Amino acid sequence: MNTGPLVRQISRRQWWLGASRYRRYMVRELTSLFIGAFAFALIVGLWRLSQGAQAFSAWLDAMHSPAGLAFNGIALAAALYHSVTWFNVAPKAISVRIGTFKLPDSIISGAHYAGWLLVSILVLYLVRV
Amino acid sequence: MSRETIELVVFRYNPETDCEPAYQRYQIPYHHDWLVLDALNYVKDHLDRSLSYRWSCHMAVCGSCGMMINGEPTLTCKAFVRDYADSIRIEPLANFPVERDLIVNQDDFMSKLASVKPYIIDTDDVPLSEGEELQTPAELAVFDQYTGCINCLLCYSACPQYSLSADFIGPAALTLAHRYNIDSRDDGFRQREERVGSDDGVWQCSFVGACSEVCPKGVDPAAAIQQGKITSAAHYFKKHLMPWSDS
Amino acid sequence: MQMVSTDIAIVGAGGAGLRAAIAAAEHNPSLRIALISKVYPMRSHTVAAEGGAAGVIKAGDSLDDHFNDTVAGGDWLSDQDAVELFVETAPKELTQMERWGCPWSRQEDGHVAVRPFGGMKMERTWFATDKTGFHLLHTLFQTSLKYPPIQRFDEYYCIDLVVIDGRCEGVVALEMRTGKLILFQAPAVIIATGGAGRIFPFTTNGAANTGDGMALAYRRGVPLKDMEFVQYHPTGLPGTGILITEAARGEGGILVNKDGYRYLQDYDLGPPDPWPRKKAMELGPRDRLSQAFWQEQQKGRTVAWPSGDVVHLDLRHLGEKKIDARLPLVRELSSTYENVDPVREPIPVRPVVHYTMGGIDTDINTATPLSGLFAAGECACVSINGANRLGSNSLTEILVFGARAGRAAAEYRAGNDDRPKESELRRQATKPRSRIANLMQGDGKEQVSVLRREMNTAMESGAGIYRSEDSLQSTCETLEALCRRYANLELQDKSNVYNTDLIQALELGAMLDVARTIAVSALGRTESRGSHQRLDHVERDDGNFLTHSMARFQEGNEPQLKYKPVTITKSQPAQRVYGGAAK
């Protein structure tokens, strides 16, 4: 008898439950759904705006309802989580060298955070005035 | 804490006698300075000569003894028993077919490695008599980290993409392709790109990053692959937007 | 029995085997080359070499200096024609490795950097940090993938050579994955299986270094040359025997005893300069340094460590930056396996069996006395290393003589077109088949691991750094008894797929045969030379022993010992001088 090499099947649905690093990865990927949903809500808002003041204010009301606020809160948390985890791995994709000196990962990540901060300030400024 | 014995729970499979794998328990003496590999060698020499596994250098450089220790891909010659609880579960590397006990089949990796042409492709044929090709420490530093791969395959074992898609070239082979692509002496990018930039190459990586977490030599395959994606994308756009260019 | 027909069969896929395969493929791309190894190529023990590879490249250095250092380092037992060829070819081979992508460490101007090494007058050791063997092996392996003629047979254990009418015509190997025997028909065979350090209990060598190739040739009548010369590397980690490279001393590391005293100055190696002086102190040759440790231990001046007596290798003055740039592996190994960070504490070290200078007798073209059989690398004895190898000559040796073996085998193949009859080939394969069957069916009481341990103990106690007639005699007797008991082996594992019990039994058989040649040759050499030190014959005796020992196999008996003169071309034997007086 020789049954040959043993191929251990993995579950195509549940593989990510196997290790915490896979679960963390799946959470990161899932956050993009909320970011997508928020973007969709924003597009709806624009569409409503094109329909007139009343339509837009109905959309604003919906956004201010408890469900709307909860959705916004979740989407914001998801966006933060996604951005932070993404910025933290960004140094893997970007390797900057000056001679034999390699720019430390913290600088690359830091530059991302700085850029984020700048853009946020800019947006806040535009929105305020 | 003083421990006198510990237990190894070892995955056993012999294709000539077993239809299913089973776990076998061994009680062995505890030594503070023992590696998990030493514990396995104790089993082999004193308790059960039928246990099969690979090992050689005992110093984390030959890459033979990768196994799953408590579910984590690990070199058993770099893991001390003192760092584990009293029972240690040892299984063959995940994502590879098991030939026997703790020995997996590595053919897939060997052929994938060969397929990315992991060697210098130098188009100008300078005779050897002209001496070495110059390469500054800065040029060396660009790829040096990626030369450190010992082909232990822990990264394949940790990679969910590889477990789901058998065609994925995988972390170590892609890292070595990148290592040659960015070597100042090499002109082989375009030849490798056919394979590296294909559907089975860098674009299958979904950047879980597990490969870099388990790498025992700090090679960081995830970084090599992400950088490979950037060069691959740049090459794609250059080829299509500037067809007259020579890249 | 399945038969594979090839032109050249190479046994062993480490540095020498891979280099041979590439050389043969380049010499004649139409050849079929079978590269057969019991481990995957990148697992071969070349991978563990650290410090570097010697080859003259810098201004001010000369081939003559490399020659003289090597010959004096080998205590004039090297064959000088081979050494001349070796030093001359070395730079070309190292440059070839550069072209194939080896990440040699560089100077600022882009030229390859070199570092000092023990017993070498000049900086001539090329290095890739302290992972030189690893990089050479992987560069060779990856480059070998470029050559279609090279067909690999990974995890095949060679059991026997096929010899017909006094010619080697192939090998018989066990496919470990299936347990099947495969007959490789090959008019030229190269053995490149590395060393046999596993005969000893405390060694830098990996589990694979069991002298298989030496035993293959030896059992077919090829003499093993200079087997009494076993190198102890002076700096291994005490618990594991893991190598701490000589480059640590080349970069400026110092050795001190329990009083913090640089004891090497007491052994004709001074003066103790604060900087690394070539051929002095910590940069003396390995045999002298290991012997000095033993003397210190006798005087009670070593440091007691949980796993045995040690001295301290102190690198702290080099600073973190230099240690990380030049010796990253030393730091990693010492931190992982001894829990000692060399940036902050001295590393505990002691001598450890490292290298077999002796091996399969070959001529300068790597040909053995058996027609069609070639050998290169640590398993072979050309001999360039004589009674003591200089650090960083062995990595170069596997390249220089590996390439030579590949070309020699290809040329030999070209001149030999007549093939033996298949029936004759198959008849030859019956002997290894019955050997396996006997082992598998054996129902004696002996265990592989028990015999191996007893062999290890006997070798360390009788044939270690210092030897005597009594100690060697007793080791010879123990080994003889172990050989008898080997016939009563019982394997617990009777299966075919990856039967590592069987493989270990075969390896033990090889080690026992090789161990006997070491002990018997050491007993016969009643002088002290290089790494062979006799407490009862403390002087070198050129009158009687400026000769190679040749141990020949005799079925069921001790090896027969003969001697062969050393080839001397331009360096007459003289006093070995190290320390301040060295030139």
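Chain B and chain C of this predicted model bury about 5300 Å² between them, with 52% of that area on carbon and sulfur atoms. Buried area here is the accessible area, taken with a 1.4 Å probe, that two parts lose on being put together, summed over both. Of the area that chain B buries against chain C, R49(B), M59(B) and E132(B) supply 15%, more than any other three residues. The contact (heavy atoms within 4.5 Å) takes 65 residues from chain B and 65 residues from chain C.

As a predicted model, it is treated with cut-offs: local features need pLDDT of at least 70, side-chain atom pairs count only at pLDDT 80 or more, and totals for chains, interfaces and linings use all residues. Residues are numbered from 1 along each chain as its sequence is written, chains are lettered from A and ligands numbered from 1 in the order in which they are written, and side-chain values use heavy atoms, with hydrogens and water left out.

Nine salt bridges are found across the interface of chain B and chain C, a salt bridge being a side-chain nitrogen of Lys or Arg within 4 Å of a carboxyl oxygen of Asp or Glu. One of them joins D493(C) to R100(B), with the closest N and O atoms 2.6 Å apart. On chain B, the side that touches chain C takes at least two residues from each of α1 (36-47), β6 (98-100), α2 (107-115), α3 (137-144) and α6 (171-181). Helices (H or I, at least four residues) and strands (E, at least two) are DSSP runs, numbered from the N terminus.

Within chain B, an automatic or database domain assignment gives domain 1 (5-104) and domain 2 (107-241). The C-alpha centres of these two domains of chain B lie 30 Å apart. Between them, 16 residues of domain 1 are in contact with 14 residues of domain 2. The area buried there is about 1100 Å², and carbon and sulfur atoms give 61% of it. On the domain 1 side, P73(B), N95(B) and F96(B) lose the most area to domain 2, together 46% of what that side buries.

Between domain 1 and domain 2 of chain B the count of salt bridges is zero, while six residue pairs are in polar contact. β4(B) gives the most to the side of domain 1 that touches domain 2, with four residues.

Notes
Polar contact = N/O pair within 3.5 Å; in protein donor to acceptor, adjacent residues only side chain to side chain.
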